[in-house]
Amino acid sequence: MTASSAGPVIFGEVLFDCFPDRRVLGGAPFNVAWNLHGLGGNPLFVGAVGDDRPGADVRRIMAAWGMDDSGLQTDPAHPTGTVQVSLEGGEPSYEIVADQAYDHVDRQAALTAIAGREDAILYHGSLALRDTGSRETLAALRDTVRGGVFMDVNLRAPWWDRDTVRELVANSAWVKLNQDELDALGDGDMRSPQDGARALLSRYGLRAVILTRGSEGALVAASDGLVISQPAPPVDGLVDTVGAGDAFSAVVLLGIMEGWGWETILERAARFAAQVCTLRGATTEDRSFYAEQSRAW
């Protein structure tokens, strides 16, 4: 498997999840970019960090992994993104800190960074679009790229509103979301997950809706009328489910780039997400983990 040299543009947040005893690099778009790089997808991550120690750490970690950091901006006025994670009765609770560097991705710097990738697919979520600065930058990128927009909905309370997210969906070609997100964006008239996915597809003229359903697996509804489902594979050696959705998205995006059929995309994405559930956290620096997946494809 050889990914296109004009790999996708991945726009959004990079941040540290700060636990009481450790911090973990993440952010859904960054996790997708990390996984794509491990799988040979040649992504360009476009985002921002602060002029601070965490920002320098992001660059150092990207360099060690071999990722292109030319799309990563340094914002001297805002800190590198953080999520404060606390444990209450053994259950984590999250505070997504406001006004971070990823909220202020500069438009012109982003356009300069993607020069030569105008034919690429543009991937984004919704969290990094809570501020007008990054929303305007995304709009400029969307007007520039020609490969279509893949939206990974990823709603994060309280940082979204229905009208804004629906507008983002309307400007996309492919939309991936989970059942709760479909319920939140729909009109309450869906009789089944398939009906809900078809309704979203039709309402916004999308190429495909990819719906993840946890232990129930996943399904896709495509513009040619195809609707297929994939059961969730068993997970041998489950550690946690952190990052499984991001892993799934990375393989779906890779499959679209490579022209795989939807049945193949769903099967490979589900299997890779299951493998990520054997890790502690969303990603790994173990290159053999990714090489094993690629060889199987």
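This is a predicted model: local features need pLDDT of at least 70, side-chain atom pairs count only at pLDDT 80 or more; totals for chains, interfaces and linings use all residues.
Me: Is D99 buried, partly exposed or exposed?
Reply: Buried means under 20% relative accessible area, exposed over 50%, and partly exposed in between, with a 1.4 Å probe and protein chains only. The relative accessibility of D99 is 42%, so D99 counts as partly exposed.

Me: What is phi of N154?
Reply: Most residues other than glycine have a negative phi. N154 sits in the loop between β9 and α5, and at 12% relative accessibility it counts as buried. Although N154 is not a glycine, its phi is positive, at about 50°.

Me: Which residues does a cis peptide bond join?
Reply: Most peptide bonds are trans. Look at the loop between β9 (149-152) and α5 (162-170), where P158 has its place. Here omega is about 0°, and the cis bond joins A157 and P158.

Me: Which residue's backbone nitrogen does the side chain of Q73 reach?
Reply: Start in strand β5 (residues 72-75), where Q73 is found. Q73 has a relative accessible area of 12%, so it is buried. Contact means heavy atoms within 4.5 Å, and Q73 touches residues including G47, R59 and H104, not counting those up to four places away in sequence. At 2.7 Å, the side chain of Q73 reaches the backbone nitrogen of D106.

Me: How many helices and strands does the protein chain have, and what is its radius of gyration?
Reply: The chain has 10 helices and 13 strands. The radius of gyration is taken over C-alpha atoms, and the globule rule is 2.2 Å times the number of residues to the power 0.38. That rule gives 19 Å for 297 residues, and the chain's value is close to it, so the chain is as compact as a globular protein of that length, with a radius of gyration of 18 Å.

Me: What percentage of the residues in the protein chain is buried?
Reply: The C-alpha trace spans about 50 × 45 × 45 Å along its principal axes. Of the 297 residues in the chain, the buried ones make up 53%.

Note on methods
Residues are numbered from 1 along each chain as its sequence is written. Side-chain values use heavy atoms; hydrogens and water are left out. Helices (H or I, at least four residues) and strands (E, at least two) are DSSP runs, numbered from the N terminus. A polar contact is a pair of N or O atoms within 3.5 Å; within protein, one must be able to donate a hydrogen and the other to accept it, and residues adjacent in sequence count only if both atoms are side-chain atoms.
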